[in-house]
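The following exercises are to be worked through with the sequence and the structure at hand, and a worked solution follows each task.

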Amino acid sequence: MAKLIETEEENLLAEAARSLLDKSAPLSHLRHMRDSGARSDPALWQEMVAAGWAGVLIPEAAGGVDMGHAAAHVLAREMGRTLTVSPFLSTAVMAATLLRQFDDATTKARLEKIASGGLTYAFALDETAKFAPDSIQLTAKKRGNGYTLNGKKRFVVDGCDADRILILAESEEGPCLFDFANTATKGLQRDALEMIDSRDAADLTFDEVEVTGDALLGAAGAGYDILKPALEAGQAALAAETVGLSQAAFDLTSSYLKERKQFGTTIGSFQALQHRAAHLWCEIELTKSAVLNAGRVLDETPKEARLAVSVAKARATDTAQKSVQEGVQMHGGIGMTDAFDMGFYMKRARVAAEWLGDYGYHAGIVAQLRGF
Amino acid sequence: MATVEDHTPPTSEDFRHEIRNWLQQNCPAEMRDGAAGEDSICWGGSTWEFTSEAQKDWLERCAARGLTVPTWPKAYGGAGFSRDQDKILKEEMQAIGARVPLQSFGIWMLGPALLKFGSEEQKQQYLPPIARGEIRWCQGYSEPGAGSDLAGVQCHAADQGDTWLVNGQKIWTSYADRADWIFALLRTDREAKKHLGISFVLIDMRSEGVSTRPIQLISGASPFCETFFDNVTVPKQQVVGTINRGWDVAKYLLTHEREMISSGGNAMGTGRALGAVLSESETGQGDPVLRGGAMRAEVDSLAFEMTLERYKDQAEGGQGVGDASAMLKYMGTELNKQRLELVMEAEGSAALTWGETPASAWLRTKANSIEGGTSEVMLSIISRRILNLPG
């Protein structure tokens, strides 16, 4: 396996990403979006598209740059630092990974459209308050050449503004995945959610919604198998984003420890805080390794990535929560104010923890793969 | 036929093939049981009693090929392997469950210190007997009054012209009662600042005036001793590095020791995977609290192993691990302690007797976060040297 250190290429990519994000999407941008009621920023996405980010996992033949998962993780991590809102994860990571399994003309055209910034995707997966893609209740009933969908999807990230939605449904032939235009459709009710992280998410209710046969991706019954690589790619990239978040929250805290004076001295000279900060740094180090490893495994032996991905997502979830909780506590009162940024990190960490499987879900997979 | 010893093969696959053949031909069947526990270790030394003919053969065959210290130069008893080659050797040994032929403080600690700070004469004199397992070394660092504050050592070496006259006491000297020689931190200048008056000195344990007394631990074992020096005469040339700059050598070795303790962390104790312990225990699977703890420990251990891998890759890329070894030591030992707590819990009352139970290993792990620098010292190193928090 390639070494667990970042390559020169990856370092350059990170630098380029940082300079774009610091200019066009610093954390103050998210604050501004929240205050003005915007849940997405199409102009910012076009900037990322121009930098090639939308095509990071799309084959060159379909207009992408095909740099691989480790590179996608570098971008996700940098976006985690600045809490940048974009369709990157759902579209450039998950949808691209999913669609590139097919080589028909329609799919190729969609990949091209993603890479050129003309198409975004959301995934409709959850049906309860927890991620459980292997127990789906939303039904797809065969009707002539097409299907009729009935049921409810919750917490559909990017569900309001994405151009298309990939829906996991249960049919008589087993799980099916539908690729569906996210426009006004008879029987489809879309409820925008007012999320704590100020991002786009929706609940979708399907009441006798009719879809044509060509909306079905791959074979009927193979929905979950087709979805799996996209889920793993998304989970790992979300772990990378969350590491960026943990590091940024930690950097804020560590600077504050060096500035803030109480009892006539900087609070960072108190051992009670030093040891907690040092422990947190250690936690972040371990999580960085897990994310690096997941990227390498996804690029080299994607069929064996399950363990690496779940270790990364579990660790990233846990570390981010520690980082933001310690962040608020060590900042004291100012950490609780809306005027200060730590709250934004805390809210995003909470949402990222639940999306695509929480700590328990991924630790459970690890336990299972390790024989207990 | 080409041998491991006389050339560096063109590709790593050829190299792996050669190593595999050599192991097949030379590793005795009894040495392929994958044992890594305290009882299976070959420590070597002049008083060593081999537990079997196979253990003796295995050591001699490996030593003849330089495989007890694969990365040391051939001139000093090693095989001159690169880190990649060393990794291949370890993988191939692991694949057949081969025991480590020889373990010692000479290999882990004194060797690296001599390779970096020793004179050519010292390297020639001391390294080959370590590689062959003929001389067993112990480490004389801590004193009753200098534990976490190691630079406060008081054990004194008085300048007698051509010799030192050593008086004082060391404590926690691992296996001093079975060692042939000791490498010790001695106070050679009482007037200088405490870090600048220490020398790194090699002392023959058979010298007149050296005595040892084992310390019994809560685990029942006595791996550590108190060591006393009563008017011991030591030749001047047995100082490694510059006189009064022994702290540089000590710091280098402590970094090395931390990496060693952390990487050995998971092999300590019972050496069995947590999953196996849990699924075979009478109670393990049914207890949701225990299962939750084990899941967390497993996630953390895997991330820790990836971190060891990442740091090794960094070191190979020329970026030393440096102060971050404090993190490896801290996290590795804490995770290992936690793991043995879970093992004890999984085995319930079946683990509460001495003998073939994890009890002794569980108790022994409690020292992991004390020896080689406590967890608290590690956290202080991280906060000062890595996070640059005001000290």
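Domain bounds here come from an automatic or database domain assignment. The model is predicted, so that local features need pLDDT of at least 70 and side-chain atom pairs count only at pLDDT 80 or more, while totals for chains, interfaces and linings use all residues. Residues are numbered from 1 along each chain as its sequence is written, and chains are lettered from A and ligands numbered from 1 in the order in which they are written.

**Exercise 1.** Divide chain A into domains, and describe the side of domain 1 that touches domain 3.

*Solution.* Begin with the bounds: chain A comprises domain 1 (8-120), domain 2 (122-221) and domain 3 (228-369). Next, take the centres over C-alpha atoms, which places domain 1 of chain A and domain 3 of chain A 21 Å apart. Their contact (two residues are in contact if their C-beta atoms, placed from the backbone, lie within 7 Å) draws 20 residues from domain 1 of chain A and 24 residues from domain 3 of chain A. On the side of domain 1, two or more residues come from each of α2 (27-36), α4 (69-82) and α5 (88-99) of chain A, where helices are DSSP runs of H or I with at least four residues, numbered from the N terminus. Of these, α4(A) gives the most, with ten residues.

**Exercise 2.** Describe how α8(A) packs against α11 of chain B.

*Solution.* Two packed helices are described by the angle between their axes and the distance between the axes. With axes as lines fitted to C-alpha atoms over the stretch in contact, and angles running from 0 to 180 degrees between N-to-C directions, α8(A) and α11(B) (residues 375-386) pack at about 85 degrees, their axes 8 Å apart. The arrangement of α8(A) and α11(B) is therefore roughly perpendicular, a class that covers 65 to 115 degrees. Finally, identify the residues: those of α8(A) include A:H275, A:A278 and A:W281, and they meet residues of α11(B), among them B:L379, B:I382 and B:I386.

Methods: Parallel < 35°, antiparallel > 145°, perpendicular 65-115°, else oblique.
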